[in-house]
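Please look over the structure shown here before reading the notes. The notes are grouped by topic.

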Amino acid sequence: MAGSDTVLIVGAGPGGIEAARGVADLGKRALLVETKGDIGGTPYEYYATLTPDLRETHEAMHEMVTAVKEHPLIDLRLNTRVVNSEGEIGHFKVTLQDESGSRTEEEVGAIVVATGFQHFDPGRETQMYGYYEYDDVLTLVDAEQMFKAGRIVRPSNGEVPERVAFIQCVGSRDRQIGNQWCSKVCCGIASKQSIEIKRMLPNAKVFIFYIDMRMYGFWEDMIYWKAQEEYKVNYIRGIVTEIIRKGDKLLIKGEDTTMGRPMEVLMDMVILSVGMEPSKGTLEMANIFNLPREEHGFIATKDGGPLDTVSTKVPGIFLAGAAAGPKDIEDTVSMGGAAAMKAVATLNRLALEVG
Amino acid sequence: MEPMEIPVLKGGTKVATSRVFDRDPDTVPEEDLREAIWALGREGEWIVQPVPEPYYLAPTKYGRLKKIPLEHTWHHKSCGQCGHIPGYSTSIFWLNRLLGYDYFDPRDQTSCTAWNYYASATSNQVAQAAVAMRNFSAAYESGYFPMIHCGTSFGHYKEVRHELVHDAKLRRQVRAIMDKLGRPFVMPEEIVHYSEWMYAIRDELKNRVQYDLSNITATVHPACHYYKLQTGDAIYDPEIYGGQRTAAVTGVVQTLGATVADYSSWYDCCGFGFRHILVQRDFTRSFATLRKIEVMKEEANPDVVLTHDTGCVTSLDKSQFAAQAHNRNVGVPVMSESQFAAIAVGAHPFRVAQLHWHSVDYRPLLSKMGIDPEKAWMEFQGDLEQIKSGAMDYLTWEHVL
Amino acid sequence: MPSDRYLEVPLVEKQRLFDEVKADPRFHTYLYGCYECGICVAACPSARFYDFSPRKIAQAAAREDLELIYEQMNDDIWNCSQCFSCNRCPRQNSPGGLITIMREVAVKNGMRSMKEALAGYTRIIYKIMTTGTQVSPDMLQEDAFPDWGPQVKMVSDNLDLWRRALPPETLHTTGLSWQVEERTMQELYAIWKLTGTLDMISEVDEGLHDIMEEIMDDALEESGISVD
């Protein structure tokens, strides 16, 4: 029996958008479900500019966002969640629920899960960064809101900061917290943000405290060298262990491991480079579709290896983006395309088997 | 030059942000050891001594509620407290008596002997676990539940418990020793520090406060071994620094009505060092004064430093003499929160809190609290005269309550 | 960087000592690996006053750098204050815990550094092992604590009287922190004998060992507790 000719894509961030576009461009119907009221996902909602090219996010994503909204073969359901799934490859019976609580059942032949990540909540860090004690301790996301507003000021007093520090690996690479992975993008985002701060506040001193700087490929000279050479951002090897108010400043304590000595310096503002964790939606979809999770808690790929990054252990269900583990946007969009290709190939194969 | 009143920011433990952390219970990073303890009990590996009722449920670092017994407690005394700061233990006992709580002060108790572990390393894992389990079995056989006075003993016992839960071979070795001693092999359901009990009774104490403490500013030194060893099992309260730092001591002092002021080296160790306090005291003195007392003075100008461990009281108090001789910015009395709380609810500063065992001048603090230190000292001198003359063998509980 | 100190000590000896450290059951929970973040150093009191780094302790053990580990066992480990602030390590190492083990191995093997570090310490070991309490009231003597000021002398001058002015009955002591039952001490001696703790002392101070052994053997004989 031939299966449904529809591919369900869950989550309309960059990965889901690219997967929906791919499915539709390959001639199949794409049912794109998004719990929020708009598409574009985490970068579109929170980030002022993209890494590594520093383009304004809404402008950069305009083309893909519009394409999805206008494509005749894409059925976009906003404010809608997947609440149940039964059946199997070719014949998944999926229950969707909209804002008002009314439910509809859809039959789909294949599924792409693109539910992404959430930012680590710094309340769970095991150092003493005081995000829940001091307003001048921010996350990367809070900083992006300032860039969007076009004004960088200390939230505590509205003054322009003279010294800003980034702390890397907050919530990543940490056995105490239980997050034993590198979140891949935070080094790049912090470097990108340090450039933006220096562009807006040329007199500010900007520091990045790190364990290892990880900016692969072209990110190396596009953002790391650029920040160091053109913007004189201070990269200091060693992680801060404690932030505490001293007068109206923040005192940060750490070790400068290059110098091999403890270090205590005052800052006006500190930005925590919070890492990635599977989003609530990702965990929900793992449950609803019975998708096994890999040891870090993200959704597992079929064999966990490098040769197939999008197939899950359940036939007919594929992954795109950070639902499968920390991903940058390049990888996420690439996975969206690969997942679309495999999903459509699945529908075609089922049709052939029947024929 | 006249001494200058440095303004202190009030409400020091209130966070300076409107953000509120809400922990997702699924993200707790540690196993709940208590479940494992009960499971080992069901498997016959040991007897689990339950926390007696009535108990108080106190929040811990990751949101679990810890049972803190209010009474029927077996007081695991501290060698440093009993030896050199005896007002510390006396105040704990006195507060039990004041509240009418049933407790037991045992003679069948050794110290945790962690001096032999952290200081000189002249011990080993099995010996330390055996010392702990011998004490636990003594508590169990008395029918009272262990309450640990010393921060190091508390932290060390938490470590030992963790090792025993995870290491079947160690359990067998220690159990064999207990068999030879003819003692049962017992693990208490919770390992409880007296400062957690202080936290549990803070509202009881608040109702009994005798003096206006609103103009008293305290700085708190949280003891490393209380919360840095086995971090999950320590009291954290969302009301105190947004739940980001332990609430032991601070929660009690604030409830009593005094102000707790923050200072930027609160996380630092006191410099005790075990070996160092005895044979390398230049380190202890430097650290205790330069990194702790002087920072407190500069940033908070406290009337008193309060802490909840033996070694911390000793190093922070005794180290100030040499620094004072060099005209450093020191000179703050140091005591346990049990002594401070006892005085606040009416205990005699010498008969109970035994402040004459402390070095830094505590009289200005007493005066500021509304107590006449000279009058109190004369009263105590009267007691001593009676003991000297033979009219009284000892100062008794009847005399001080 | 391999250490160039102690080149006269053969590598096999350094290997033997490290093997002993590594064989301790606590070792595998105290060391995973080190990416040099420096959090342990930032939190460490000893790193502020000595040329001491808990990060180097963890890294040397992780690299199994025998030369450096041997150097640390001689020159560094006794500087640690055992506060365990370093337990905040995001890799979940415990440099302080590693040092506990390294010190025990240094004691058991009678290393020179240990003898220096524990010089003047024998009275304390004696006190705790024979009485079960350390820091007894009579230890507060002005010649031992000259830097603590005149208050120490006041305590020692009035010690008997002041101890009698303590309401808890168990505190009417001067040589012990509190009154400990005889049976309790006997049980403690049995623990020292059964766990090899008493044997460790012979490396620290042979004379001290012999004195304590005599006391403990006599007491144990009286107690009827078998330590065979």
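This is a predicted model: local features need pLDDT of at least 70, side-chain atom pairs count only at pLDDT 80 or more; totals for chains, interfaces and linings use all residues.

Residues are numbered from 1 along each chain as its sequence is written, and chains are lettered from A, with ligands numbered from 1, in the order in which they are written.

**Domains**

- Chain A has domain 1 (6-116 + 279-354) and domain 2 (120-275), with bounds that come from an automatic or database domain assignment.
- The C-alpha centres of domain 1 and domain 2 of chain A are 32 Å apart.
- Between these two domains of chain A, 11 residues from domain 1 and 18 residues from domain 2 make the contact; two residues are in contact if their C-beta atoms, placed from the backbone, lie within 7 Å.
- On the side of domain 1 of chain A that touches domain 2 of chain A there are 6 nonpolar, 3 polar and 2 charged residues. Here Ala, Val, Leu, Ile, Met, Phe, Trp, Tyr, Cys and Pro count as nonpolar, Asp, Glu, Lys and Arg as charged, and the others, Gly among them, as polar.
- Chain B is assigned domain 1 (32-194) and domain 2 (209-380), and 25 Å separate their centres, taken over C-alpha atoms.
- In chain B, 34 residues of domain 1 are in contact with 32 residues of domain 2.
- On the domain 1 side of that contact in chain B, two or more residues come from each of β2 (55-59), α2 (79-84), α3 (86-98), α4 (115-119) and α6 (151-166) of chain B. Helices (H or I, at least four residues) and strands (E, at least two) are DSSP runs, numbered from the N terminus.
- α3(B) gives the most to this side, with 9 residues.
- Chain C is divided into domain 1 (11-116) and domain 2 (122-223), whose C-alpha centres lie 30 Å apart.

**Contacts between chains**

- Chain B gives 70 residues and chain C gives 65 residues to the contact between them.
- Helix α5 (residues 125-142) of chain B supplies the largest share of the side of chain B that touches chain C, 6 residues.
- By class, that side of chain B has 33 nonpolar, 22 polar and 15 charged residues.
- The contact of chain B with chain A takes 14 residues from chain B and 18 residues from chain A.
- The side of chain B that touches chain A divides into 7 nonpolar, 5 polar and 2 charged residues.

**Helix packing in chain A**

- Helix α1 (residues 14-25) and helix α3 (residues 57-70) of chain A have axes that come within 10 Å and cross at roughly 50°. Axes are lines fitted to C-alpha atoms, for helices over the stretch in contact, and angles run from 0 to 180 degrees between N-to-C directions.
- α1(A) and α3(A) are therefore oblique to each other; angles under 35 degrees count as roughly parallel, over 145 as roughly antiparallel, 65 to 115 as roughly perpendicular and the rest as oblique.
- The crossing of α1(A) and α3(A) is left-handed. A crossing is left-handed if the near helix is turned anticlockwise from the far one by less than a right angle, and right-handed if clockwise.
- I17(A), E18(A), A20(A) and R21(A) of α1(A) meet M64(A), V65(A), A67(A) and V68(A) of α3(A).
- These contact residues of α1(A) and α3(A) comprise 6 nonpolar, no polar and 2 charged.
- The axes of α1(A) and helix α8 (residues 329-354) of chain A come within 7 Å and cross at roughly 35°, and this crossing is right-handed.
- The contact of α1(A) with α8(A) has 12 nonpolar, 6 polar and 1 charged residues.

**Buried parts of chain B**

- Helix α14 (residues 310-318) of chain B is mostly covered, with 9 of its 9 residues buried. A residue is buried if 20 or more other C-beta atoms lie within 10 Å of its own, exposed if 12 or fewer, and partly exposed in between, with C-beta atoms placed from the backbone.
- D303(B) is in the loop between α13 (281-299) and β10 (304-307) of chain B.
- D303(B) is buried, because 22 other C-beta atoms lie within 10 Å.
- Not counting residues up to four places away in sequence, D303(B) touches I216(B), T217(B), A218(B), L365(B) and K368(B).
- The C-alpha atoms of D303(B) and V334(B) are separated by 9.3 Å, and the two residues are 31 residues apart along the chain.
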